[in-house]
Amino acid sequence: MSGGALQPQLDAFLALAEPALIAFRRDLHMHPELGYAEYRTTERIAGRLAAAGLKAQILPRGTGLFCDIGPEDGPTVALRADIDALPLQDEKDVPYASTVPGVAHACGHDVHTAMVLGAGLFLAQQAEAGLLPGRVRLLFQPAEESPGGALDMMAAGGICGVDRAFALHCDPRVDVGKLGLRTGPITAACDKVYVKVTGPGGHTARPHLTADLVYALAKIVTELPSALSRRVDPRSSLSLVWGRVAAGSVANAIPDDGIAEGTVRCLDDQAWHRAPEMMKALLESVAAAYDVEASLEYVRGVPPTVNEAASVQMLRDAAAQVLGEDAAVPTPQSLGGEDFGWYLESIPGALARLGVRRPGSGDEYDLHRGDFDVDESCIAAGVRVLAATALTALWDGGRQGEAEPVEGAALT
């Protein structure tokens with residue numbers, strides 16, 4: 001499908017649908033729900049899909065859903081949105097501020113949801129006219145921040161039969177109308193580690209008669225990060241950073257236990273899978289040298305999100321069609337976690353960063369802050385990119401030929 005054919009149809013659809021999509025986003029923003037508590041959000045999404053004649057399948061926990069659009073005899077492309085909010089106070093003075101104390105959409109998941117919904121409604125019009133060369137699956141995933149929602153979506157069959165998956169994430173550092181793209185790792189694995197060190201304890205005047213637990217803990221805290229980084233390819237960016245270390249209560253007593261807690265981040269999937277085993281072996285080695293016992297609790301978070309080159313090119317082509325030839329811009333790697341990586345461990349796809357900053361604005365918002373907000377014209381931009389990307393991916397993997405899209409209808 002040519003960009004010349006698609007653009008006017010998206011214009012017509014959004015002329016009617018954009019106000020309703022903005023209102024939908026604001027409704028979600030006013031009523032944020034934390035991971036696995038998104039019952040109202042799930043109901044609202046399902047209701048909008050039902051009004052368009054689409055049937056949603058709600059996940060077994062009762063939050064999150066997915067919905068298929070189009071025929072089953074072609075390729076299948078998934079568009080993913082996350083629907084949960086953060087445990088933060090909304091600090092904005094706007095009419096659509098959160099009405100739930102201590103909970104806010106401070107990461108743009110309400111925007112992601114509105115964009116995927118809008119793209120789905122536009123694509124449903126194509127399917128109704130028989131012009132969609134395959135199937136599009138809309139994934140409205142719970143509990144991205146927890147995390148765990150991606151695994152629930154996968155367990156419920158959310159990516160069964162899916163050939164590629166795409167997602168957009170708000171980026172407040174990029175202007176509306178721009179799309180940040182990167183091939184390869186775009187976000188990192190993020191795991192939590194808990195180390196407990198135990199020993200007999202004793203008096204600080206006689207460390208030679210006991211195990212100097214604080215000294216041993218200090219060695220573990222300082223030696224593990226450097227030793228771990230030298231067991232893997234430096235390009236994996238495997239890092240261990242401690243956030244909490246505690247031991248003892250008085251100056252003249254060697255304690256009998258201590259703890260260290262931190263995070264492991266990594267950009268390479270193979271190194272991420274090896275990290276727990278490597279860390280356990282290194283921990284035991286250091287602890288043995290100082291005659292203490294050490295235990296490790298390694299809590300998996302999310303894998304790195306590794307964008308496939310062909311999928312990134314589809315996003316680039318789509319952005320050029322519907323946002324302009326210069327819309328795609330490079331975006332840096334982040335060591336933040338994003339559970340879209342779970343999908344990309346199983347199927348190819350890509351995550352892109354959508355500009356949400358008002359052009360020319362001096363505002364410096366950031367994600368996970370109570371004052372986070374977006375220029376709501378980004379919703380229309382996201383709908384354009386997602387719809388065009390889905391069509392690009394379906395035509396690349398589906399039947400040959402070209403068809404004209406049909407006029408989009410307003411959001412009901």
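**Figure 1. Asp 291, an exposed residue with positive phi.** Asp 291 has a relative accessibility of 64% and counts as exposed (buried is under 20% relative accessible area, exposed over 50%, partly exposed in between; 1.4 Å probe, protein chains only). Its phi is near 60°, a positive value in a residue other than glycine. Asp 291 sits in the loop between H6 and S13. Helices (H or I, at least four residues) and strands (E, at least two) are DSSP runs, numbered from the N terminus. This is a predicted model, in which local features need pLDDT of at least 70 and side-chain atom pairs count only at pLDDT 80 or more, while totals for chains, interfaces and linings use all residues. Residues are numbered from 1 along each chain as its sequence is written, and side-chain values use heavy atoms, with hydrogens and water left out.

**Figure 2. Ala 143, a buried residue with positive phi.** Ala 143 is not a glycine, yet its phi is positive, about 50°. The residue lies in the loop between S4 and helix H4 (149–155). Ala 143 is buried, at a relative accessible area of 0%. Most residues other than glycine have a negative phi.

**Figure 3. The open sheet of 4 strands.** The strand order is S10-S12-S8-S13, and the pairing is antiparallel (two strands pair if DSSP finds at least two bridges between them). Strand S10 (239–247) and strand S13 (293–302) are the edge strands, each pairing on one side only. From one strand to the next, the twist averages 15°. Axes are lines fitted to C-alpha atoms, for helices over the stretch in contact, and angles run from 0 to 180 degrees between N-to-C directions. Strands S8 (residues 189–198) and S12 (residues 257–266) pair in the antiparallel sense over 10 bridges. Asp 191 has Val 264 in S12 as its bridge partner. Helix H5 (residues 213–229) packs on this sheet and touches S8, S10, S12 and S13. The direction of H5 makes about 170° with that of S10. Helix H6 (residues 269–289) also packs on the sheet, touching S8, S10, S12 and S13. Its direction makes about 165° with that of S13.

**Figure 4. The packing of H5 and H6.** The two helices pack at an angle of about 140°, with axes 10 Å apart. H5 and H6 are therefore oblique to each other (under 35 degrees is roughly parallel, over 145 roughly antiparallel, 65 to 115 roughly perpendicular, the rest oblique). Lys 219, Ile 220, Glu 223, Leu 224, Ala 227 and Leu 228 in H5 meet residues of H6, among them Ala 275, Met 278 and Leu 282. Contact means heavy atoms within 4.5 Å.

**Figure 5. The open sheet of 8 strands.** The order is S1-S2-S4-S3-S5-S16-S6-S15, with mixed pairing. Its edge strands, S1 (56–58) and S15 (328–330), each pair on one side only. The twist averages 30° from one strand to the next. Strand S6 (residues 179–181) runs parallel to S15, joined by 3 bridges. Gly 180 stands opposite Val 329 in S15.

Figure 6. S3 is mostly covered, with 7 of its 7 residues buried. Thr 76, Ala 78, Arg 80 and Asp 82 point one way from S3. Val 77, Leu 79 and Ala 81 point the other way. S3 pairs with S4 in the parallel sense over 7 bridges. Ala 78 stands opposite Arg 137 in S4.
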